[in-house]
Amino acid sequence: MNTILKIPEPVQTFFAEIGELSYFSGRFFKEVFKKPYEFREFLRQCYNMGNQSLLLVAVTGFIIGLVFTLQSRPTLQQFGAVSWMPSMVSISIIREIGPIITALICAGRIGSGIGAELGSMRVTEQIDAMEVSGTNPFKYLVVTRILATTLMLPILVFFADAIAIYGSFLVENTKGNVSFLLYYNLVFKHLEFSDLIPSTIKTFFFGFAIGLVGCFKGYNCKKGTAGVGIAANSAVVYTSMLLFIIDFIAVLVTDIFYSL
Amino acid sequence: MKSYGDNNVLNGFNMELYEGENLVIMGKSGSGKSVMIKCLIGLEEVDSGSIEIMGKDIVKLERDEMDEIRTEIGFLFQGSALYDSMSVRENLEFPLRRHPKKFGIIEDTTPLVTEALQSVGLEDAINLMPSELSGGMKRRIALARTLILQPKIILYDEPTTGLDPITSKEIIMLMQSVQKKYKTSSLIITHDVDCARVIANRMILLIDGINYIEGTFQELSSSKDAKVQAFFK
């Protein structure tokens, strides 16, 4: 019988991966509530992820604040709206730029790290060794990491937002002679909880996606040591793509919610 | 029975391991030895058949029950599989702290860790990281990690592969001394004829997914069968 429609192999692989990732996340929700809770490992992961990403996130946030203000200032000046700068910068950073840039940085820094670490543990049989010692490696390695990224990302985003706004203040202070107090008054004058809450909620999803994809790629790593590199690399690529999809959905949902 | 697609790796394989014996299983690369040993510990699922360990069919066990059985079975991996983010002490403490049912809650693990390291002659390596150890030392530490749970059965997956002849001999001697000290039953998968000669009470040759022939080292090494002779040339 002739085949009417043949689905190309990359498309088949893509959908197979989506299915496997869904199963993996289902297993996470099944295991997360089961005892024993790996609290010490969870705290260790939180510390590692938060502490090791702090400087990178801070530098990036600071530069974004500087660049964003430097580039927007001339345009606002043309319209005589420089006084809107603090509000515009803060709302842009808190609603969108802070969360997405921090998440992308963490996808590169944390997601690839998780993919490489778990991938290496898989190919050197350390995960099997954990299993035969009577420890559930999924709970110990995967659940703790996903929980840690989910919790740490919003904290890192808050930190990056604050640093970015400070960077913006430095430009305004240098170029416009605006005082710290005035700048922050203007920032908070137009900033509302409706800006902060949806963007904070989406950072939890960003963190979850970073942990989930990194763990999925590393935990299912194949093809020996070459597979470790592939796992780390594909963790970043898939996570970045997923972050933009989540961001789009989050913006859409927020928009629908506020238009009601 | 265990197959991957059309490839029947194990096809009617059958064996028994008696208390206190050293059973050696030999076979060509790709003959299914590692798959068989992984089925025994539950790392691979069999397609059909049963695996009875200490009176329990592990094929039907839930995860928690399997984990309890696993405290009675040690597994020495071919590549040692030490946790490379943990020191030697932490590697040994890891299984110990996770089985309060067997050992109770242990406040100070040092005596147990030291005893296990003494058994393999490496008590000075307690604070080293796996990256600081040689291949032979890694294998010994992995054996110490296996011993710390005081298992009744130890499964060795190619224990001397990748080691120089002198270190191989040391590992074989160590396996013998461990067996005497802890009164364990051992299942050893190996290509190493010297290892089999020294350690085997009984041997099985695994060919085409079945136990082709069974007997003592002397019986098998003097066999006229060409397939059997190929292993001893």
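User: In this structure, how far apart are the centres of domain 1 of chain B and domain 2 of chain B?

Analyst: The model is a predicted one. In it, the centres of domain 1 and domain 2 of chain B, taken over C-alpha atoms, are separated by 24 Å. Domain 1 of chain B consists of 2-72 + 155-232, and domain 2 of chain B is 88-150.

User: How many residues of domain 1 of chain B are in contact with domain 2 of chain B?

Analyst: Eleven residues of domain 1 of chain B meet twelve residues of domain 2 of chain B. On the domain 1 side, the residues divide into six nonpolar, three polar and two charged.

User: What does chain B give to the contact with chain A?

Analyst: Chain B supplies 14 residues, and chain A supplies ten residues. On the chain B side, the elements that give two or more residues are α2 (63-70) and α3 (88-97) of chain B. That side holds eight nonpolar, three polar and three charged residues.

User: Which elements make up chain A?

Analyst: Chain A has eight helices and zero strands. Of its 260 residues, 39% are buried. Among contacts in chain A with a separation of 6 or more, 88% join residues 24 or more positions apart.

User: How is a pair of packed helices described?

Analyst: Two numbers are used: the angle between the axes and the distance between the axes. Take helix α2 (residues 39-78) of chain A and α3(A): they pack at an angle of about 140°, with axes 9 Å apart. The crossing of α2(A) and α3(A) is right-handed. Among the residues making this contact are A:Leu56, A:Ile64 and A:Phe68 of α2(A), and A:Ile97, A:Ile101 and A:Ile105 of α3(A). The residues of the contact divide into 14 nonpolar, seven polar and two charged.

User: Which residues of helix α6 of chain A are buried?

Analyst: In helix α6 (residues 180-190) of chain A, the buried residues are A:Tyr183, A:Leu186 and A:Val187.

How values were computed
Residues are numbered from 1 along each chain as its sequence is written. Chains are lettered from A and ligands numbered from 1 in the order in which they are written. This is a predicted model: local features need pLDDT of at least 70, side-chain atom pairs count only at pLDDT 80 or more; totals for chains, interfaces and linings use all residues. Two residues are in contact if their C-beta atoms, placed from the backbone, lie within 7 Å. Helices (H or I, at least four residues) and strands (E, at least two) are DSSP runs, numbered from the N terminus. Ala, Val, Leu, Ile, Met, Phe, Trp, Tyr, Cys and Pro count as nonpolar, Asp, Glu, Lys and Arg as charged, and the others, Gly among them, as polar. A residue is buried if 20 or more other C-beta atoms lie within 10 Å of its own, exposed if 12 or fewer, and partly exposed in between; C-beta atoms are placed from the backbone. Domain bounds come from an automatic or database domain assignment. Axes are lines fitted to C-alpha atoms, for helices over the stretch in contact, and angles run from 0 to 180 degrees between N-to-C directions. A crossing is left-handed if the near helix is turned anticlockwise from the far one by less than a right angle, and right-handed if clockwise.
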